[in-house]
Amino acid sequence: MSNVSIDHPVVIHDLTVAYRDKPVLWDIELSIPPGKLVAIIGPNGAGKSTLIKAVLGLVPTVAGTVSLFGGSYRERRQMIGYVPQRSSVDWDFPTHALDVVMMGTYGQLGWFKRPGKAQRELALRCLEQVGMADFANRQISQLSGGQQQRVFLARALAQDAQLYFMDEPFVGVDAVTERAIVNLLRDLRARGKTVVCVHHDLDSAPEYFDWLVLLNVRLIAAGPFETTFTSENLRKTYGGTMGAAIKHIEHFEEDRLAISVQADTKRPNGH
Amino acid sequence: MVIELFTDYTLRNVALGSALLGIVSGVLGCFAVLRRQGLLGDALAHAALPGICVAFLLTGSKAPLVLLIGAALAGWLATTLLLTAVRETRLSADSVLAIVLSTFFGFGIVLLTFISKSENANQAGLDKFLFGQAATLIAEDVQTMGLLGAAALAVVAGLYKEFKLLAFDAEFAASLGFPARGLSVLLTSLIVIAVVIGLQTVGVVLMAAMLIGPAVAARQWTNRLGVMLILAAVFGAASGVSGALISVSDAHIPTGPVIILSLTAIVLGSLFFAPARGLVWSTIRRRQQRANMKVE
């Protein structure tokens with residue numbers, strides 16, 4: 001187990017989280033290999049965001065252990081980047097895009113020290129990577145939803161981490177931003193980083209990610225898309241309520257059998 | 001009047017004291033407003049009243065520091081009660097706030113009545129904490145206020161980056177290893193200091209406006225947090241000094257209400273006329289757009 005946990009960025013053992021008396025996550029046993037783009041998928045209330053927050057120590061856990069690169073979150077903090085849901089902050093806050101990105105460097109700066117020229121330049125490079133360099137001095141309320149999301153991604157890049165957790169980065173973004181995020185994820189993977197995303201859209205999931213975690217309070221299945229993204233697993237995750245999910249899985253399986261499928265253009269938006 | 005500011009003992013104390021109050025409450029109010037905790041200051045201020053009364057009853061002293069410690073402890077107790085109740089019960093934050101605020105204030109009024117009916121010869125003047133009475137400020141009070149204010153501002157200057165992050169994205173702050181709850185408690189404690197500084201000048205009833213007003217006005221003029229803090233300090237100081245001077249010119253007017261009225265003038269002016277966010281300009285812009293559409 002200890003051998004596995006050192007090269008596995010995330011090893012979760014027996015994790016249980018509850019709000020008041022209601023279990024949100026139950027007995028999660030999960031180990032994520034390095035260098036993968038991982039999608040966490042499941043219905044509303046499945047505990048997808050909670051799983052990320054529990055790993056980052058942002059919500060109290062009832063039981064279980066989380067090991068990141070073989071250590072606790074506290075020990076490995078500098079290796080981990082986090083992109084919260086865009087809607088979790090007030091975008092009318094009096095600040096500009098570059099300033100938000102610089103917040104990604106605060107962890108390395110530590111207490112009291114103010115960001116300086118080095119942090120500014122790093123933040124600018126991160127904004128460039130997400131195609132937002134021209135908006136560095138823009139007040140954040142004047143950015144579109146997709147641009148705000150890219151600012152959040154740039155902030156995580158400024159953390160210069162090995163492992164990234166992203167909470168619904170694709171929700172409510174425009175096509176340009178969606179492309180930018182996909183390219184960014186692939187770039188991160190090429191640099192050997194691991195990215196774990198809460199994701200809603202079953203349609204795009206197999207194209208964007210290569211590793212899948214199916215969650216509905218309990219862990220339903222985890223593994224590479226080829227073996228995990230099956231109608232059987234999706235039925236177990238969504239119950240009998242999600243016919244659309246099953247349809248998508250059938251398309252995916254047909255694709256793999258190299259049978260040309262007429263495109264189902266209507267995407268479930270997952271809300 | 002301007003020359004008297006520097007020569008007249010009372011005027012100098014009044015001007016210094018209310019300027020101090022304006023600066024400290026302006027700066028700390030920015031964080032309270034940005035974190036959507038404007039009413040927390042209100043609860044803290046009202047909670048200070050019973051704290052002052054208990055401190056007086058226990059010590060028999062009206063020394064500012066004694067009363068201020070009482071106010072701070074009561075404010076801290078009220079905040080703890082508040083945060084615990086919100087966390088542990090299903091009551092909404094505004095309901096809890098209303099209950100805590102009214103209970104503490106009611107208790108304070110009962111104690112105040114009890115004290116004023118007692119035989120204690122030293123009791124006169126505690127009621128000035130209700131609406132403030134700047135004319136009664138003495139040099140010693142101003143010194144205490146200055147020390148407390150300087151300490152609070154020094155903490156904000158030292159932890160500016162941490163407080164900014166906390167106000168914008170507390171969860172991200174926690175993920176970076178900054179103790180969000182600890183920082184939040186610290187920020188609340190600093191707001192208690194601002195309240196304590198304002199007790200003699202504005203009083204407990206109107207103190208919340210002194211925290212919220214300068215911040216709201218300053219936000220109208222800028223999109224940068226640093227500039228907002230400085231502007232709020234300037235607005236706070238300006239309304240404090242002008243209000244206090246008006247009130248001193250006729251000692252029968254309590255200072256608090258006059259300061260708040262001057263502050264209101266600044267807030268209204270900013271809401272309507274600030275360049276980018278002012279209501280007047282945005283209305284004109286909308287009219288012009290509509291007119292342009294018609295022409296096209």
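Two residues are in contact when heavy atoms lie within 4.5 Å. Keep that in mind while touring this predicted model.

**Stop 1: helix 11 of chain B.** Select residues 207-221 of chain B. Of these 15 residues, 11 are buried, so the helix is largely enclosed by the rest of the structure. Among the buried ones are M207(B), L211(B), P214(B) and R219(B). Now show the surroundings: the buried residues pack against helix 2 (9-34), helix 3 (38-59), helix 10 (180-198), helix 12 (225-249) and helix 13 (255-273) of chain B.

**Stop 2: across to chain A.** Stay on R219(B), which is buried, with a relative accessible area of 8%. Select D92(A) as well: these two form a salt bridge, with the closest N and O atoms 3.4 Å apart. The pair crosses between chains, and D92(A) sits in the loop between strand 5 (80-83) and helix 4 of chain A. At 29% relative accessibility, D92(A) is partly exposed.

**Stop 3: a second link.** Select E171(B) and K53(A), another salt bridge with its closest N and O atoms 3.4 Å apart. E171(B) is in helix 9 of chain B and K53(A) in helix 2 of chain A, so this pair joins two chains.

**Stop 4: helix 6 of chain A.** Select residues 117-129 of chain A. Which residues of this helix are buried? They are Q119(A), A123(A), C126(A) and L127(A). The face turned away from them carries the exposed K117(A), A118(A) and E128(A). On the buried side, the contacts are with helix 4 (97-102), helix 5 (106-109) and helix 7 (145-158) of chain A.

Notes. Residues numbered from 1 in each chain as written. Chains lettered and ligands numbered in written order. Predicted model: local features only at pLDDT ≥ 70, side-chain atom pairs only at ≥ 80, totals over all residues. Heavy atoms only, no water. Buried < 20%, exposed > 50% of the residue type's maximum accessible area, 1.4 Å probe, protein only. Helix = DSSP H or I, 4+ residues; strand = E, 2+ residues; numbered from the N terminus. Expected span 1.5 Å × (residues − 1). Salt bridge = Lys/Arg side-chain N within 4 Å of Asp/Glu carboxyl O.
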